Amino acid sequence: MWSRLGRAWEAVSLRLPAAAGALTLALALTARVAEPGWVERIRLSAFDLLITLEPRPPSPDSPVRIVLVDEESLSRVGPWPWPRTVHAALLERLAAGGSRAVALDFVFPRADRSSPAALVAALPPLPGVRRLAERAAALPDHDALFARALRRLPVALGFAFGAGPAPPPRKAGFGVLGPDPAQFLPDAGQAVVSIPALSVAAAGAGAFSVFPEPDGVVRRIPLLFASGSGLYPSLVLEALRLYFGEAGYQVRAVGGRSKSVEWVRVGPRFIPTGAEGRAWVHYSRAPNTVPAWRVLEGAAAPEGFKDALVFVGAAATLLKDNVATPLGAATPGVVAHAELAAQVLDGRVLSRPDWAPGLELLYMLGLGAGMVLLLPRLGAAACAGVGLGACVIVFPLSWFAFHHAGWLLDPLTPSAAAAAVYAVVSAAAYWGSEAQRRRLEVLDAVKDELIATVSHDLRGPVNAMLMVTDAIRMGVYGPVTEKQVQNLDLLQASGHRLTHFVSNILDAAKIKAGRMELLKQPLKAEELLPSIADLFGLSARAKGVRLEVSLEPGLPAVLADREKIEQVINNLLGNALKFTPSGGVVTLSAFSDGGVVQFAVSDTGYGIAAEDVPKLFRKFAQVDLAKQRETAIKGTGLGLSICKEVVDAHGGKIWVKSEKDKGSSFLFTLPVATA
């Protein structure tokens, strides 16, 4: 029963790494398809890395300009909100500079309370107020002045979706290809809009609402909004329409499994979008900005606005319109809109191709399955090299696709999944090998006790047999023939070998119990090594391996138990011949190293992987070589542990140097015998 349980446990230990790795890979694939928040954050961080490594290069020839209401503008012009006359003056400056279109990232939901009539109406009913009101009524209304400026050039006025009281204005029509795209967009609800006088005067109206990702970063800007059953453009889209002088848009939507808005066309430009009609923003580190006060005071060169698409918005911290982007934590919201418009006009828009998720899933599946299949065969280091090599190829390829085509591909999530599979398979393999080793150690303890008992009881009968055969051979019981003497010699030789075998078993038990007896005496390497080489010479020649001895002249003697050291060298030399293929070389050498003599057994065999070296000198911790399986090389896993115990008992040190597929060198030191 115990044997069957042991075999069953061994089978489970062998299959556990592959099963754990396959389960981890299946969970990773499921998570990638379901895409919970943490998976999405990993994917988005990969896109952030691409944009950070290669932001959109500055383009002095870009027609997009950004006028910012910053802290200095508030200091010079006055606190916010500014009178509408200031906004009118700003538009007049831009019109005089020859701007082609303007987008105002503001909404004006109330009448200007700084108009003369509004100021007088707020006064208490004192004498003379009526006459003052009559004079104020004759003065131009600030909103009327602003509306007049809005008519001077094409202006897209912003509005905000949310808990607004009114439906948003719509200035352009939509031509739809495919199903109604509104059904694929979230309902934005009502809007906060500008007063009718301004909304009517503006040539365009677009929503400036943006929706950060779950981590608070604005990476995409909606191009389309659905409110009720209608479609509405974003401020960016409306600004581009006015810039191109178009009357409307084309929208391509796809149904079926995709159910998304595929692209939006404005003028000659096609803008790829995602499922919810959002476009990726390729941010730059140096957008074309100018403070509003410079425009108002005429300090900004008018030719800088010739044929420009101008975005006007807030940058002052007090106005609370800053957003986080992949390049920074405090970017004015109007800059995000302007950056998207600039890349559309440049003709290079970022996109996430429809086939990208499928390709990334295939990469994850291939790399993860490779970890599951290759790790038990190649070892942890080689498999890590394969995975690292795949990442070294895939990461530059994703950057190449980003650089040349503007495609956003995610190499990070599949690589992280493969790393998780690698870690789980490695941990399961280690746990399985450690559990098996502990089980073997328990069995070894039982075996040692049994063998020690049997060997001790066997020594007496064997010695008695040798004494009797020796007496018969000497003629104590009568004359013996020559043939009988030969048979007695054979019997005695077998008895001595059996005695030697029993002694070795008892020595192993003593080593384990800490009671090993050493008969130390001066021992010279030039006497020891050639004699051992002669013993193994026939085996080496039969295998086609060249056996060499290299001795430093004048080596001092070491203080050691000859029989025990012979046992160490025999074990190391036997292993070297066992794991060296035909045509290889095994070298037995010794040289002086300070107060010790260093012995070495080197070969040109299969070598040992770096991760397997630390467990070589543990009991039963055999190295799992593919070559070993192919050539059916077997061992107990005890030899090197005994070698270490013997060398340690002599006050020496034993270690190994090895390189996979190039060979190994086992070295140990023994102290020099003092005079």
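Two residues are in contact here when they have heavy atoms within 4.5 Å of each other. With that in hand, let us walk through this predicted model, in which local features need pLDDT of at least 70 and side-chain atom pairs count only at pLDDT 80 or more, while totals for chains, interfaces and linings use all residues. Residues are numbered from 1 along each chain as its sequence is written, and side-chain values use heavy atoms, with hydrogens and water left out.

Not counting residues up to four places away in sequence, Thr-325 touches Val-217, Val-218, Tyr-283 and Thr-331. It lies in strand β16, residues 322-325; helices (H or I, at least four residues) and strands (E, at least two) are DSSP runs, numbered from the N terminus. Thr-325 has a relative accessible area of 7% and is therefore buried, where buried means under 20% relative accessible area, exposed over 50%, and partly exposed in between, with a 1.4 Å probe and protein chains only.

Now for the whole chain. The protein chain holds 19 helices and 24 strands, and 45% of its 675 residues count as buried. Its accessible surface comes to about 33300 Å², 61% of which belongs to carbon and sulfur atoms; such areas come from the Shrake-Rupley method with a 1.4 Å probe, and for residues only the protein chains shown count as cover. Among contacts between residues at least 6 apart in sequence, 78% join residues at least 24 apart.

Next, find the open sheet of four strands in the order β4-β10-β11-β12, with mixed pairing. Two strands pair if DSSP finds at least two bridges between them. The edge strands are β4 (173-177) and β12 (269-272), each of which pairs on one side only. From one strand to the next, the twist averages 25°; axes are lines fitted to C-alpha atoms, for helices over the stretch in contact, and angles run from 0 to 180 degrees between N-to-C directions. Strands β11 (residues 260-266) and β12 run antiparallel and are joined by four bridges. Within this pair, Val-264 has Ile-271 in β12 as its bridge partner, and Val-266 has Arg-269. The two strands form a hairpin with two residues between them, and Gly-267 in the turn has a positive phi of about 60°. Helix α9 (residues 235-244) packs on this sheet, touching β10 (248-254), β11 and β12, and its direction makes about 30° with that of β11.

Helix α11 deserves a look of its own. Of its 14 residues, 13 are buried, so the helix is largely enclosed by the rest of the structure. At 1.5 Å a residue, α11 (residues 333-346) should span 20 Å, and its end C-alpha atoms are 20 Å apart, which agrees; the expected span is 1.5 Å times one less than the number of residues in the helix. After α11 comes Gly-347, whose phi is positive, near 80°.

Further along, a second open sheet has five strands in the order β19-β21-β22-β24-β23, again with mixed pairing. Its edges are β19 (546-551) and β23 (654-659), each with a single partner strand, so one side of each is left without a neighbour in the sheet. The twist here averages 15° from one strand to the next. Six bridges join β23 to β24 (residues 663-671), and the two run antiparallel; the bridge partner of Trp-655 in β24 is Leu-667. Helix α17 (residues 562-578) packs on this sheet, touching β19, β21 (585-593), β22 (596-603) and β24, and its direction makes about 170° with that of β24.

One more stop is Cys-391, in helix α13 (residues 380-405). Cys-391 and Pro-411 are 20 residues apart in sequence and 7.8 Å apart in space, C-alpha to C-alpha.
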